[in-house]
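Hi,

Here is the structure I promised to pass on to you.

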Amino acid sequence: MNAIEVTGLRKSYGPVDAVRGIDLSISTGEIFALLGPNGAGKTTTVEILEGFRTQDSGEVQVLGFDPRTRGHVAREWRNRIGIVLQTTSDSGDLTVIETIEHFSGYYSNPRNVDEVINAVGLDEKAGSLIRKLSGGQRRRFDVALGIIGNPKLLFLDEPTTGFDPEARRSFWALIQELRGNGTTIVLTTHYLDEAEALADRVGVMSDGQILEISTPSEFGGRSTSKARVSWRDGTVLKSQTTDNPTAFVNNLGADFNGEIPELTITRPSLEDVYLRMIGEIDE
Amino acid sequence: MSEIPSALALGLRRGRLEIRQFLRQRESVVFTLLFPVILLAIFGSVFKDTIAPGVTFSQYFVAGMIASGLVNTGFQALAITIPLERDFGTLKRLRGTPMPASSYFIGKAILVTVSMLIQILMLLGFGIVFFGLHMPTDINKWITFFWLTFLGSACSTALGIAFSVVPKSGRGASAVVSPIVIILQFFSGVFFIFTQLPPWMQQIAAIFPLKWLTQGMRSVFLPDSFAGQEVAKSWESGRTFMMLTLWLAIGVFFSVRKFRWDRD
């Protein structure tokens with residue numbers, strides 16, 4: 001069974017069509033990244049999946065439940081999912097461990113509190129008031145609250161905004177570890193390198209529709225597109241795009257009779273392909 | 001896999017957390033709990049007259065302050081803090097967990113009850129020590145005191161939760177809620193003797209629960225001889241019970257139907 005199954009999803013706000021017919025399947029255990037510019041309909045889509053909004057039409061199944069469900073069935077459903085929203089801005093008068101401990105009581109089968117604090121790297125901050133945490137620490141605390149219930153499905157909304165590079169790396173490692181335990185993860189992010197590092201598949205939304213869904217390496221025909229070979233010839237930087245970079249470099253190597261100065265071979269990054277795709281829509 | 005905890009168990013858990021959080025916000029602890037005592041000190045020092053045989057203005061005023069304390073710790077506190085929690089994203093985060101709305105409401109009710117009890121004890125203690133406040137000796141008056149306190153507090157809590165959808169933002173909540181409370185206090189005979197207010201004010205006040213709460217508290221703290229000086233020439237206990245129950249029902253109805261976890 002797929003973790004998420006969406007067919008024909010539509011949602012308007014007055015005259016504005018935020019989501020204009022989306023079909024989407026996310027399989028169990030997958031990390032799926034939803035990308036797109038602001039106003040593309042990502043947030044609306046994810047909030048419908050999370051049960052915060054209701055659609056105008058279309059079918060949505062999340063872990064086999066309709067997110068519009070209420071009452072006791074909704075509690076059973078929420079018991080199985082974790083949601084990491086944008087960070088809260090409350091005065092933070094409780095400590096890390098107090099809050100995580102409190103939230104663990106909401107679930108039938110929570111993870112161990114100390115283990116979760118350790119997993120997000122906040123051991124040394126366990127006794128600190130939340131308002132004393134740095135931006136990155138507070139974000140990791142948000143994630144701790146999202147995973148304390150031992151969710152089968154985790155929603156992450158721009159989890160690493162404001163992280164320094166090192167914190168992002170250790171955060172990515174945490175997400176990989178969760179996936180290793182079989183958790184399905186739906187990620188929205190503005191960072192294309194993050195999607196590339198984490199996601200099994202990425203989907204790009206624009207103007208309320210999904211433009212493409214594929215693996216990061218095949219996205220937009222990346223894996224088969226021309227490569228760019230660059231090198232230095234004397235004082236001049238040269239570059240050449242080619243379908244056969246290996247043969248090209250072999251010939252070049254023969255010309256130089258050894259090392260080619262400042263050689264690089266690149267294919268379009270996910271970001272290049274993404275920007276081209278979004279740009280075409282705008283034009 | 002074990003069962004999801006019951007709504008009541010989670011409500012008690014929320015109550016503990018709410019109290020802990022409240023006590024750590026020192027400014028609001030001082031403001032909420034000490035403000036009525038400061039008011040009593042000011043009014044008690046300015047108005048030293050007796051308003052009826054054996055009834056000092058302080059005695060009259062304490063009854064009004066206890067009644068309006070129920071409005072402060074319930075209605076006012078909740079109608080201001082819940083919109084803030086909504087703006088902060090705290091409510092949306094809670095919405096994403098298996099904790100039901102009823103547990104959140106129970107937690108708030110526990111917080112209101114505890115801060116109300118502290119406030120009442122401080123007012124009574126201060127009144128006895130500095131202003132010669134007489135405590136009721138009749139057991140029936142104490143019974144009235146208890147049902148009034150708990151019914152009034154429940155009513156105030158429910159109306160505070162219901163009203164929390166009205167302020168557009170957390171920052172503006174205080175500007176919307178506080179004037180309503182202050183005007184009601186003036187109209188309901190907290191600061192002035194109710195029967196000396198213009199009749200139109202009395203009639204408006206009679207629609208709202210605070211007037212009935214203050215009148216009820218007077219029936220506890222003033223001698224029964226004073227009942228003859230009320231508008232209806234009686235304490236109207238039955239009517240008070242009815243009005244508070246009606247407002248409680250209205251508050252619960254709108255809390256359950258209209259509560260909002262999210263800003264938009």
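**Helix H6 of chain A and its surroundings**

The buried residues of H6(A) pack against helix H5 (135-147), strand E6 (153-157), strand E7 (184-188) and helix H7 (192-198) of chain A. Before going further: this is a predicted model, where local features need pLDDT of at least 70, side-chain atom pairs count only at pLDDT 80 or more, and totals for chains, interfaces and linings use all residues. Residues are numbered from 1 along each chain as its sequence is written, while chains are lettered from A and ligands numbered from 1 in the order in which they are written.

Back to H6(A): A:Phe171, A:Ile175 and A:Leu178 are its buried residues (buried means 20 or more other C-beta atoms within 10 Å of a residue's own, exposed 12 or fewer, partly exposed in between, with C-beta atoms placed from the backbone). They cover an arc of only 55° around the axis, so they sit on the same side of H6(A) (the arc is that of the directions from the helix axis to the C-beta atoms). On the other side, A:Pro165, A:Glu166, A:Arg169, A:Ala173, A:Glu177 and A:Gly180 are exposed. Helices (H or I, at least four residues) and strands (E, at least two) are DSSP runs, numbered from the N terminus. Just after H6(A), A:Gly182 has a positive phi of about 95°.

**The core**

The largest nonpolar core holds 117 residues, and A:Ala33, A:Ala144, A:Leu187, B:Val62 and B:Ala63 have the most contacts inside it. Such a core is a set of buried Ala, Val, Leu, Ile, Met, Phe, Trp, Tyr and Cys residues joined through C-beta atoms within 7 Å. Helix H3 (residues 57-88) of chain B gives the largest share, 16 residues. Domain 1 (4-220) and domain 2 (224-282) of chain A both contribute residues, so this core lies between them; the bounds come from an automatic or database domain assignment.

Leaving aside neighbours within four places in sequence, A:Ala33 is in contact (C-beta atoms, placed from the backbone, within 7 Å) with A:Leu187, A:Thr189, A:Ala195, A:Leu198, A:Ala199 and A:Val202.

**Domains and confidence**

The centres of the two domains of chain A, taken over C-alpha atoms, are 37 Å apart. In contact across them are 12 residues of domain 1 and seven of domain 2.

The model scores ipTM 0.88 and pTM 0.88. Chain B averages a pLDDT of 90 (the predictor's confidence in each residue, from 0 to 100).

Best wishes

Note on methods
Two residues are in contact if their C-beta atoms, placed from the backbone, lie within 7 Å.
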